[in-house]
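The sequence and structure are shown first for reference.

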Amino acid sequence: IVLQLSGGNDGLNTVVPYEDDAYHRARPTLRLKPDQVRKLEGGLGLHPDMPAFQRLYEQGHLGIIQGVGYPDSQRDHGPAMRDWHTARPAQVAGRARSPSAPMADSGSSQDLADTGWVGRAVDHCFQPGVEDIPGLFAGPIKPPFSLQTERAFIPAVRSLESWLLSVGDMGPRLTELSQIPRTAGANPLLDFVQRSTLDACAANRRLQAVLESRRSNAAYPEFPLARTLKTIGDLIRAELGIRIYFAELGGGEIGGFDTHAGQATNHGALLRELSESVAAFVDDLHRDHLLDSVLLMTFSEFGRSLTENGRRGTGHGAAQPIFVAGGKLKSRLVGTHPSLTELDNDAPRFHTDFRRVYATA
């Protein structure tokens, strides 16, 4: 499950270097004190609104990959998100490839510009004539460019209810359609409409029966993200062949994580929704012995600046922490926290290329 945090999440107030004096000096009002954070290890702690993530971390079901970014990274929302969506920054943005950046796979620039990294993965899994759906987007916003494919189709759903046809309401009309008097082969178009409609409704009934029989009764918090993850959990139980799910928190476009002003309250609310929703999802799958086959990973288009601004917010940055959750994690903390004295234009520098994280996932 790929979970996008739209707007540029402030990694420094998410995974907090509470023992670093440079952090406290640069953030006179936004800094989180040692007695506020949810302490982990190595002088790091989570935002105080993330007790659910602290619990997952202690249980070994949550990992943190630190200092993730890429060379010559963009700091505008659109271009930066496009880089993360395509996983081909130099080609898409028309910039020269940095010597330290990984070499791109073979393929034309046209191919690279027209597909997302998840879309290419789904295309790789796609088999014509097989009913399994390799990928799916769950959520209320327009599907992100990451899901752009060349061959396969990736559906988008808001909820299970919205995905399934209302067969009960269509019943009388389907009966009329099935009973239209005709001579077989006399009207090929009517034959096709009749056959394909009835086949689709029969398939829908079967799918509805499977989903209803395998729905979870677990309690989830009353957050939009929690509802989305519950939908994904039910689809995992249904065993429809879906390999990759994509979800989003923040509202898409220039999302809620773009905290230029009044950051403290807004950021805390988003992090609470993130941590409690993911924790409920992890607990749900763990109870049904499904967690070992699942990996959830977050990403945002960039981190934030070290120094807070005059509006008690932060500017666009570079490196960020990525959370991973699942049952087969090898390490809880991956990589070192970026230096807060050797900066990239007032932002922590990256040391782990995000494409390495994608490739590992």
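1. Which residues in α9 meet which residues in α10? In this predicted model, V210, L211 and R214 are the residues of α9 that meet α10, and their counterparts in α10 are D234, L235, R237 and A238.

2. Helix α9 spans residues 188-214 and helix α10 spans residues 224-238; they pack at an angle of about 110°, and their axes lie 9 Å apart. Because of that angle, α9 is roughly perpendicular to α10. The crossing of α9 and α10 is right-handed.

3. A separate point concerns H85, which is located in helix α3 (residues 77-86). Is H85 buried or exposed? Its relative accessibility is 7%, so H85 counts as buried. Leaving aside residues up to four places away in sequence, H85 touches Q4, G116, W117, P144, F145, S146 and F299.

4. Strand β6 has two pairings to report. With strand β8 (residues 244-249), β6 pairs in the parallel sense over three bridges, and G135 has I244 of β8 as its bridge partner. With strand β7 (residues 156-157), β6 also pairs in the parallel sense, over two bridges; here A138 stands opposite V157 of β7.

Definitions and conventions. Residues are numbered from 1 along each chain as its sequence is written. This is a predicted model: local features need pLDDT of at least 70, side-chain atom pairs count only at pLDDT 80 or more; totals for chains, interfaces and linings use all residues. Side-chain values use heavy atoms; hydrogens and water are left out. Axes are lines fitted to C-alpha atoms, for helices over the stretch in contact, and angles run from 0 to 180 degrees between N-to-C directions. Helices (H or I, at least four residues) and strands (E, at least two) are DSSP runs, numbered from the N terminus. Angles under 35 degrees count as roughly parallel, over 145 as roughly antiparallel, 65 to 115 as roughly perpendicular and the rest as oblique. A crossing is left-handed if the near helix is turned anticlockwise from the far one by less than a right angle, and right-handed if clockwise. Contact means heavy atoms within 4.5 Å. Buried means under 20% relative accessible area, exposed over 50%, partly exposed in between (1.4 Å probe, protein chains only). Two strands pair if DSSP finds at least two bridges between them.
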